[in-house]
Amino acid sequence: MTSNNLSAALNPRSIAIVGASQNPDKIGGRPVDYLQRHGFKGGIYPINPTRPEVQGLRAYPSLAALPDVPDLAIIAVSRGDAVDAVNQCAAIGSKVCVVMASGFGEGHSEQGRELERNMVRVARESGMRIVGPNCQGLANFSNGALATFSTMIKECPPQDGSIAILSQSGTLGMAPYGLLRRRGLGIRHAHATGNDADVTIAELATAVAEDEQVRLMMLYLEGMPDPQNLARLGRIAQERCLPVLALKSGRTPAGQAAALSHTGAIASEDRVVDAFLERHGIWRAETMEELVDAAEMYLKRWKINGRK
């Protein structure tokens, strides 16, 4: 699948929120609040079978009751209901689902892994893409398409800029967002892919790299699930002179255990990761502080001349 298949993830014309809540502090309420507050111009369709209205918007009892097919659906319900919602999205022809529920491939349950596999199979049969599950979601600050429940957006109000942040971990993906915003730097994209069951962080990064307003990309990797698209990202970045910085967990046994417990990703041997990233022009930071400190330097676009 090419990055063109992900245009609905980054630039949706309409968004449905399954499990939409009247409370803007709940997981199902934050996307409704963010979409309205931060200028999304497309259709916003809260799905809530018990309320005629959610946060001032008309609510619908089901996806089948919507006036048109949403490009993107946010699935903000628990695991069992999430599987049903994905099936419904595939049936009506949605292009992308952002699945926030946990309890799938990241755990030690064979039932959870089987549910994830079946969910992806249903999506692929219909041509739909899945971001997640077990993810905080997507945020494109250039158009207000904030399909996320991250609380960091309330703590550090967004400002469009030239930095893109992509992470498998929601928490560690929004950490550089907060640190960079406190330095006054604008963020254009902040996306968390969770389990990478279908859309991988590397595939999504290749789509984001086509945004000509992005001048710096940051990745937080817990595993190396898609080296082909990571290599493709390196080629696109070099063609565009787009710096790509990566923070990869797993240098220590504790880091490897943390990655495994969160996404189910098995950390690759560290020297192999170093060699792969270097070969494809992706520069590896050692710590979160180093990643953030490097941002302003790379944004200056200094050119190195001569042999020094």
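## Helices on a sheet

Let's start with helix 10 (residues 270–279), which lies across strand 13 and strand 14 and runs at about 135° to strand 14. Helices (H or I, at least four residues) and strands (E, at least two) are DSSP runs, numbered from the N terminus. Angles run from 0 to 180 degrees between N-to-C directions, with axes as lines fitted to C-alpha atoms, for helices over the stretch in contact. Contact means heavy atoms within 4.5 Å.

This is a predicted model, where local features need pLDDT of at least 70 and side-chain atom pairs count only at pLDDT 80 or more, while totals for chains, interfaces and linings use all residues. Residues are numbered from 1 along each chain as its sequence is written, and side-chain values use heavy atoms, leaving out hydrogens and water.

Now look for an open sheet of 7 strands, in the order 9-8-11-10-12-13-14, with mixed pairing. Strand 9 (145–148) and strand 14 (283–285) are its edge strands, each pairing on one side only. Two strands pair if DSSP finds at least two bridges between them.

Strand 10 (residues 163–167) and strand 12 (residues 216–221) run parallel, joined by 5 bridges. Ala164 has Met217 as its bridge partner in strand 12. Helix 8 (residues 227–240) packs on the sheet and touches strand 12 and strand 13 (244–248).

## A closer look at Tyr45

Is Tyr45 buried or exposed? Tyr45 is buried, with a relative accessible area of 11%; buried means under 20%, exposed over 50%, partly exposed in between (1.4 Å probe, protein chains only). You can find Tyr45 in strand 2 (residues 43–47).

Tyr45 and Ile15 are 30 residues apart in sequence, with 6.1 Å between their C-alpha atoms. Beyond its neighbours within four places in sequence, Tyr45 has contacts including Ile15, Tyr60 and Leu66.
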